[in-house]
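Dear colleague,

Please find the structure below, followed by an account of what was found in it.

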Amino acid sequence: MLVVLITIVTLCLYVILLWMNQMKYRKQLAQFPGPKPLPLLGNLLLFKSIADIVPVSIRVWKGIQQSFIIYLGPQPRLVVCDPKTAEFVLSSTTIIDKSYEYNFFHDWLGTGLLTSTGQKWKSRRKLLTPAFHFQILEKYVDVFNKQSNILVEKLKERVDAGPFDIFPYVALCTLDIICEAAMGVQINAQKNSTSSYVLSVKEMCRIITERALSVTKMIHFLYKFTWAYQQQRKVLSILQGFTNSIIRSRKSTFTGRTLHERSDEGLSKRVAFLDLLLEYNLSDETVREEVDTFMFEGHDTTAAGISFTLYCLAKHPDVQVQVVEELRTIFSGDKSRESTYQDLQEMKYLEMVIKESMRLYPPVPLFSRILNESASFNGALLPQGFVCALYVLQLHRNPDIFPDPEKFDPDRFLPENSKSRPPYAYVPFSAGLRNCIGQRFAILEMKATISKILRNFEILPVPDHEPQLSIEAILKSYNGLPIVLKARSF
Ligand code: HEM
């Protein structure tokens, strides 16, 4: 009886403490607009499911037209939708730690580069940066070519066969690419297409996103009693079993020669980023968390980037014609010659198209930072522990910076049209110290894959289809990204 009483009193005190904290925040942050929060629940009731994240946040933004405060439970966060606030957060050398939602990734990614903080992040970033040197990236082009050739063969089965969702095809291709280029192993996901790994990544992202919107799932102790936790355990055993097998496989062929010693091996030998980790004699657990991080960050993001770009090209045949013209010039009309690193550098118009697609459909539409110490901004003192959520999807549609923001117009990225744009108005790869380490890899991969598809197929739209955007760690479309394919004479 006494134990029950103590538990009830403790819980009540905890709830009162949370509520008092919320009141304190409301006073401190009074100058920022936002929907009125309820005690303890905050604005959670606005989001009945993760399907509501995009429509609700767009509705809120439309009523306010500036960065706003939203309460997920009693905790406030500043939803950053304007370049000035984005600059305050991203250019900071102190606001570099991730918000508490990233803890939901810990069971899967541990504290790898994406989720780690402080000194651990600094030393890992230093360790991994050489793996993305352009001389190393150059060696990956033949992997991009090989895997996009397989994708083209798969897509030939869809020619003149009506609408189909392009995303699952591309996701298997980008999974093959990250495994072979970065991990040094071939898993042939495209050939054995029922990849439980790909399905598990999707499920894990869904579980993590849902946790951010549910009070019971937010609290780790309570989360353990939910069905989602049981589901997470199953999914994690698939995900971690998969990466453990990659590590084992690469370890068995690792020669022990360091990156420096291997510089004599020339372009023919690739050094997978996993080799770098093995070279440093890190523990198996450390290697696994970095491998999982790269597998996650490195395949779903590029899959979204490529798929949304193909979707935009289907909807904008005039733009597609211009890209194909550029490719005809680069390849002198040769459909099957493999792309070189130099060719990819020359695809300037395609790069503008990819950038415009990532403006409207940023593969990572939302990411957050936490303040480790209080900071002044715009006359307000933002308290320690405060979360700033960079809402890239809305930032990229800010009409003050991108007039007629819903219009797909790659010319926005002509040098003369971008030079006066505020530096933090366009940040698909984030910016500042914790920007995306894989961005040059990603751009090369996207160009290699999209250009190969366009040399082989004409991409047609599905009339009246509009993507229903959803945020599941990466940007997805609930109703798919359907396109139609016709053979192209190049
Ligand atoms: C179109 C493709 C991609 C996009 C849009 C993208 C975007 C981003 C963004 C926005 C962040 C910051 C996330 C945050 O602060 O929470 C990030 C971080 C990161 N990305 Fe990417 N990414 C892409 C591809 C890749 C690829 C191909 C790799 C690896 C090969 C990669 C590896 C990483 C890693 C390891 C981090 C964490 C960096 C750190 O905190 O130091 N990404 N990415």
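Thr309 belongs to helix α14 (residues 284-315); helices here are DSSP runs of H or I with at least four residues, strands are runs of E with at least two, and both are numbered from the N terminus. This is a predicted model, in which local features need pLDDT of at least 70 and side-chain atom pairs count only at pLDDT 80 or more, while totals for chains, interfaces and linings use all residues. Residues are numbered from 1 along each chain as its sequence is written, and side-chain values use heavy atoms, with hydrogens and water left out.

Thr309 is buried, its relative accessible area being 0% (buried means under 20%, exposed over 50%, partly exposed in between, with a 1.4 Å probe and protein chains only). Beyond its neighbours within four places in sequence, Thr309 has contacts (heavy atoms within 4.5 Å) with Val353, Ile354, Ser357 and Ile450.

The loop between α19 (415-418) and α20 contains Cys436. Its SG atom, 2.3 Å away, is the single protein donor to the iron atom of the ligand (donors are N, O and S atoms within 2.8 Å of the metal, or 3.2 Å for Na, K and Ca; water is not among the atoms, so sites may look incomplete).

There is also an open, antiparallel sheet of three strands, ordered β4-β12-β9; two strands pair if DSSP finds at least two bridges between them. β4 (164-165) and β9 (457-460) are at the edges with a single partner strand each, so one side of each has no neighbour in the sheet. Asp165 is opposite Pro482 in β12.

Yours sincerely
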